[in-house]
Amino acid sequence: MTEVDEVVPGAPLNRMLVSVLSLIGFFVALYLWAHNAGLTGPIICGVGDCATVQSSEYARIGGVPVSAIGVAGYVALFVLSMMGLQPGRRSSRAIAALLLSGSTFGVAFSAYLTYLEAAVIQAWCQYCVASAIIITLIFFATLPEIPRLRSPEGAA
Amino acid sequence: MKKLYITLAVVAVVGIGAVSYSIGSGSGGAVSAPIAVEGLDDMNRLVELAQGMTKGDPNATVTIIEFGDFQCPACQQFATAVKPQVELALIESGKAKFVYYDWPIIEAHPNAFLAARAARCAGDQQKYWEYHDNLFRNQARWATSTDAVGMFTDYAATLGLDEGAFESCLGSDRHADVVTANMELGLQLGVRGTPTIIVEQGGVPRNILNWDFESLRTYVEELLAPNTGA
């Protein structure tokens, strides 16, 4: 435990939450990516029109599947949160800034995709919605990083 | 931190299991949804790419066209109750030819695109129509199956097809471009549901809303009347 950790007990709890949520999000995005790559059968979809969303032109950006972008994003958030949980990095402003900016970008990107589903494609994919909820929760979980950006840098 | 690691391990095990299961029980590389096909926005190119499956005398002046979905119950009704009579009375007699275009409603029928490809894979071995009829007869069995690839392969074996060649075809993206093009052609022609039955003669198509056998027979024979002297 560093001095800063003792001053702010339980501070990394939000990063623990981010690590768990980003791991869940990773598997949701990985499933969609596997489907997009033709590795799974017809998408398992209790409600909504995943097939419509997945086969739409918006399922790829510049040839890259949106689900692959999601996988990369969740991996980045997971790695950052795990790094930020290590005793020497708990007060790192760099990690706080990266977590906050990453989750903000993620939630904004997800909001855009949700808008496309609602207004343009007019079909819902439950896995995309699940991912949107996960990234929103991650965003809120990273808000406690804001005070850390202003705190004195600890051992990084 | 120990509790966190345990939680992460549980999430990882469940996640790996779920994704592995979906891949293992899925259709491998079998393409089950429309793919990107260049040129579909060009009508001339679209007409080249889209390919119906024809039955009957290719020189018959009247063409009965169906835009169908193998997973659609109404198409099953047409295929099992109406089409056999149409074949006997109009196709085998040379009065008309029948052309089937795939129009899988993928939003509602998750196995329909794969079924359309499966039929065409059987067509590679000259068994399209046998397979087509078999799919409609057994629709209730495979429609909601999570192992449609396995069931379709079994049907191929039942019909005496080369199982390896069929499996290889189905497990790829073969015919996905044609099925995708057929879907786009249907959209361009105003198809909004299945079965859509169109009777065409001399380049003049007519959408037949009442596709019962008597209506179809009457309409086709009316079209032929001037030529046959009836």
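In this predicted model, helix α3(B) meets helix α5(B) through a defined set of residues. From α3(B) come Cys75(B), Gln76(B), Ala79(B) and Thr80(B). From α5(B) come Asp133(B), Phe136(B) and Arg137(B).

Helix α3 of chain B covers residues 73-91, and helix α5 of chain B covers residues 128-137. Their axes lie 9 Å apart. The angle between them is about 125°. Angles of 65 to 115 degrees count as roughly perpendicular and those over 145 as roughly antiparallel. The pair α3(B) and α5(B) is therefore oblique. The crossing of α3(B) past α5(B) is left-handed.

Two packed helices are described by the angle between their axes and by the distance between the axes. Helix α4 of chain B spans residues 112-123, and helix α8 of chain B spans residues 163-170. Here the axes are 9 Å apart and the packing angle is about 140°. So α4(B) and α8(B) are also oblique to each other. Their crossing is right-handed.

Which residues make the contact between α4(B) and α8(B)? On the α4(B) side they are Arg117(B), Ala118(B), Cys121(B) and Ala122(B). On the α8(B) side they are Phe166(B), Cys169(B) and Leu170(B). Six residues of this contact are nonpolar, none is polar and one is charged.

How confident is the predictor in chain B? The mean pLDDT of chain B is 89. A score of at least 70 is reached by 95% of its residues. Among the elements of chain B, strand β3, residues 96-102, has the highest mean pLDDT, at 97. Helix α1 of chain B, residues 2-24, has the lowest, at 84. For the model, ipTM is 0.76 and pTM is 0.55.

Chain A comes next. It has 156 residues, and 46% of them count as buried. Its secondary structure comprises seven helices and two strands. Along the sequence, the elements of chain A run α-α-α-β-β-α-α-α-α. What share of the contacts in chain A between residues at least 6 apart in sequence joins residues at least 24 apart? The share is 80%.

Conventions
Residues are numbered from 1 along each chain as its sequence is written. Chains are lettered from A and ligands numbered from 1 in the order in which they are written. This is a predicted model: local features need pLDDT of at least 70, side-chain atom pairs count only at pLDDT 80 or more; totals for chains, interfaces and linings use all residues. pLDDT is the predictor's confidence in each residue, from 0 to 100. Helices (H or I, at least four residues) and strands (E, at least two) are DSSP runs, numbered from the N terminus. A residue is buried if 20 or more other C-beta atoms lie within 10 Å of its own, exposed if 12 or fewer, and partly exposed in between; C-beta atoms are placed from the backbone. Two residues are in contact if their C-beta atoms, placed from the backbone, lie within 7 Å. Axes are lines fitted to C-alpha atoms, for helices over the stretch in contact, and angles run from 0 to 180 degrees between N-to-C directions. Angles under 35 degrees count as roughly parallel, over 145 as roughly antiparallel, 65 to 115 as roughly perpendicular and the rest as oblique. A crossing is left-handed if the near helix is turned anticlockwise from the far one by less than a right angle, and right-handed if clockwise. Ala, Val, Leu, Ile, Met, Phe, Trp, Tyr, Cys and Pro count as nonpolar, Asp, Glu, Lys and Arg as charged, and the others, Gly among them, as polar.
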